[in-house]
Amino acid sequence: MIGASLGRIGAVAVFLLRVLGQCPAALAKPRAVIHQIYNAGARSLIIIMLCGLFVGMVLGLQGFDLLQRFGSEDALGVAAALGLLKELGPVVTALLFAGRAGTALTSEIGLMRATDQLTAMEMMAVDPLRHVIAPRFLGGVIAMPLLVAIFDIVGLFGAQLIGVQLMAVDPGAFWSQMQAAVELDDVNEGIVKSLCFGFACSLIAVYEGYHAPPTAQGVGLATTRTVVVSSVLVLLIDYMLTAAFLGR
Amino acid sequence: MSAPPVCIRDLYYAVGTRPIFAGVDIDVAQGQITAVMGPSGTGKTTLLRLLTGQVLADRGRIELFGESVAEVDKAGLYALRRRTGMLFQNGALLTDLTVFENVAFPVRAHARLPESVLRRLVLSKLEAVGLRGAAELMPSQLSGGMARRVALARAIVMDPDLLIYDEPFVGLDPISMGVIVRLIRELNETLGVTSIVVSHDVEELASIAHYSYLLSEGRIVAAGTPDELARSEEPVVRQFMSGAADGPVPFHFPAGDLAADILRRAEPRRRRS
Amino acid sequence: MKPQRSLEIGTGLFVLLGFAALFFLTTQLPGSGLSLGEPTGYRVTAKFDNVGDLKVGSPVSMAGVRIGRVEEIRFDPNDYRAAVSLQIESSFDRIPDDSDASIQTQGLLGGKYVGIGPGGSETFLKPGSQIEFTQSAIVLESLVNKFFANFASKDAGTATDKTE
């Protein structure tokens, strides 16, 4: 059991190194990468914005209710901004990414394997790691921070909508307190997290797809594993990064 | 002349404990169509994977153009594969590219050609398989036979010295099958491409192959021209050529006693994962 | 050609939107946390016995209006006090030079900031001036300790009754 897990981690690490080795070559032909940024990013945009709006609105409601008990509902902007920037933005976006883009990547690559497309590439003396895996990996890594930033902005808008429009928090206090309390380090924490999550989710998705057994059941299981492993990994990395940032 | 395109000596290969090949020798002569026949499950596709270095043999030597596929490095293997075109059973077209881009794919990956030259090259190959008009379609819009013809155009776009066909006739209607047979023969005659056809369609192979090997139970049980095989008195060959259900190649997968098996049903069965 | 173009446009829009959002987050949210180019205004110093958890970048305000930010906090080994540099925006150039600086807390649990209380002098703070009158951060723990110390001494007599 332990041996198998270790072997798996080792296999993922070796796979990561092989993919990273192909990334410069993939970047040299950016068209495929652009295509994958579109697939992973632009196509997830609607769901990211929708969820960001609702998460922000919930933050507005809950935050207002909580802060009101201490008579400091003016700090709603701070609470919403920090909550979104540091935690909810990166984590919720990463979980949605795993469910939306990650599964699509895994099943696509798995089906390419099952229908011999990857083998055909190898037979054409074309390395599928370079032409299939690396662009998809890079697309995910690039798309994630952008998605997180959009999620944050829409979330802030949602919180503002509830707090200022519905609960009548003073808009000046909302924004000025937020601007006074949020530091560049807080924003950076969110960006670092989103980069790490993008890295992890994309890696898991392409790894599972690339190594999926070439059957319908195999691809299905691999897709499920992508969601499960990505989600657990995101929360684990989130804890470690949060601890590291607070420890500074 | 240079070394023969394919030379296999004393090949051993096993999956787990099940031997797939136990001492196989195959030679493919320059400019000929060589057929490798055999019942389903005798590892014909595995043979192709061994031949192209996707899997490595347990023992024995496999040479492509005089170079051992087990000993060359990755760059060397890719160089060998560039001289080899392969037609997959299901075509294996890249589903996110158009027909045109599929055929252009190996060219784009290996050479930097001006777009006009590339276009002429790709369209001429598509014309050769009769599908120039389908250039802008997506693979999902093609029938099985058309997909295989596109895959064939892709396999020949780099002008390979060796063409490998993996079960090219499976699942095709008689017309498509006739088209593929004609294409294999034409490509061989007009371009002089050495071809290996792996299949179990005896009649089609007999009409195009110069030389045939019959695989069974991990060994070459017969070899010769189609005529020689047709006249053979060997029971295995007779069974395969005539399509009898039972014979030296048993109808049943090896199993224990039927009655004992049925009685054991009462106990919970364990499945191998 | 058409699907390829719409794909590129879509990707372009997405990337543009993403970077705009990133830009907004990094530059607009942290207030003046990211100073673009040279900091404007002038710098004055103030020495405190205890700065609490005042941070570089914390706001400096007067009558609740933000007028600058903390530029630097260092320890002065000569008099064992904290020397704090305050960057005041140049539009606030009429601060009396006998004003006092105190470290205060935003709300009950908020961060620390430097509050400037105006003095009555006719001359104003100049670049490089030092604010003489300062009040240190109120450290909550010491306040609580003091309170409980008082409470305990007052309560010592009655404590025995309450154990019943």
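Is Glu189(A) buried or exposed, judged by its relative accessibility? In this predicted model, Glu189(A) has a relative accessibility of 3% and therefore counts as buried, the cut-off for that class being under 20%. Glu189(A) forms a salt bridge with Lys193(A), in which the closest N and O atoms lie 3.5 Å apart. Both residues belong to helix α8 of chain A, where they are four residues apart, or about one turn of the helix. Lys193(A) is likewise assigned to the buried class, with a relative accessible area of 0%.

Lys193(A) also forms a salt bridge with Asp238(A), for which the closest N and O atoms are 2.9 Å apart. Because Lys193(A) lies in helix α8 of chain A and Asp238(A) in helix α9 (residues 216-246) of chain A, this pair ties together parts that are 45 residues apart in sequence. Asp238(A) is buried, as is Lys193(A). Through shared partners, salt bridges join Lys86(A), Glu87(A), Asp186(A), Glu189(A), Lys193(A) and Asp238(A) into one network.

Over all chains, a search of the whole structure finds 27 salt bridges. One of them pairs Arg136(A) with Glu108(A), with the closest N and O atoms 2.7 Å apart. With a relative accessibility of 4%, Arg136(A) counts as buried, whereas Glu108(A) is partly exposed, its relative accessible area being 25%.

Between chain A and chain B the count is two salt bridges, and six residue pairs are in polar contact, both residues of each pair being at pLDDT 80 or more. On the chain A side, α5 (117-123) and α6 each supply at least two of the residues that touch chain B, and the largest share, six residues, comes from α5(A). By class, this side of chain A has seven nonpolar, four polar and six charged residues. The contact as a whole takes 17 residues from chain A and 23 residues from chain B, and the two chains bury about 1700 Å² between them, with 61% of that area on carbon and sulfur atoms. In chain A, the residues that lose the most area to chain B are Met123(A), Met124(A) and Ala125(A), which together account for 37% of what that side buries.

The interface of chain A with chain C takes 25 residues from chain A and 22 residues from chain C. Chain A and chain C bury about 2200 Å² between them, 82% of it on carbon and sulfur atoms. Leu146(A), Gln179(A) and Leu184(A) supply 24% of the area that chain A buries against chain C, more than any other three residues. Between these chains the count is zero salt bridges, and zero residue pairs in polar contact are found across the interface where both residues are at pLDDT 80 or more. The side of chain A that touches chain C draws at least two residues from each of α2 (30-40), α6 (128-166), α7 (171-181) and α8 (184-210), with the largest share, eight residues, coming from α6(A). By class, that side has 19 nonpolar, three polar and three charged residues.

Conventions: Residues are numbered from 1 along each chain as its sequence is written. Chains are lettered from A and ligands numbered from 1 in the order in which they are written. This is a predicted model: local features need pLDDT of at least 70, side-chain atom pairs count only at pLDDT 80 or more; totals for chains, interfaces and linings use all residues. Side-chain values use heavy atoms; hydrogens and water are left out. Contact means heavy atoms within 4.5 Å. Buried area is the accessible area (1.4 Å probe) that two parts lose on being put together, summed over both. A salt bridge is a side-chain nitrogen of Lys or Arg within 4 Å of a carboxyl oxygen of Asp or Glu. A polar contact is a pair of N or O atoms within 3.5 Å; within protein, one must be able to donate a hydrogen and the other to accept it, and residues adjacent in sequence count only if both atoms are side-chain atoms. Ala, Val, Leu, Ile, Met, Phe, Trp, Tyr, Cys and Pro count as nonpolar, Asp, Glu, Lys and Arg as charged, and the others, Gly among them, as polar. Buried means under 20% relative accessible area, exposed over 50%, partly exposed in between (1.4 Å probe, protein chains only).
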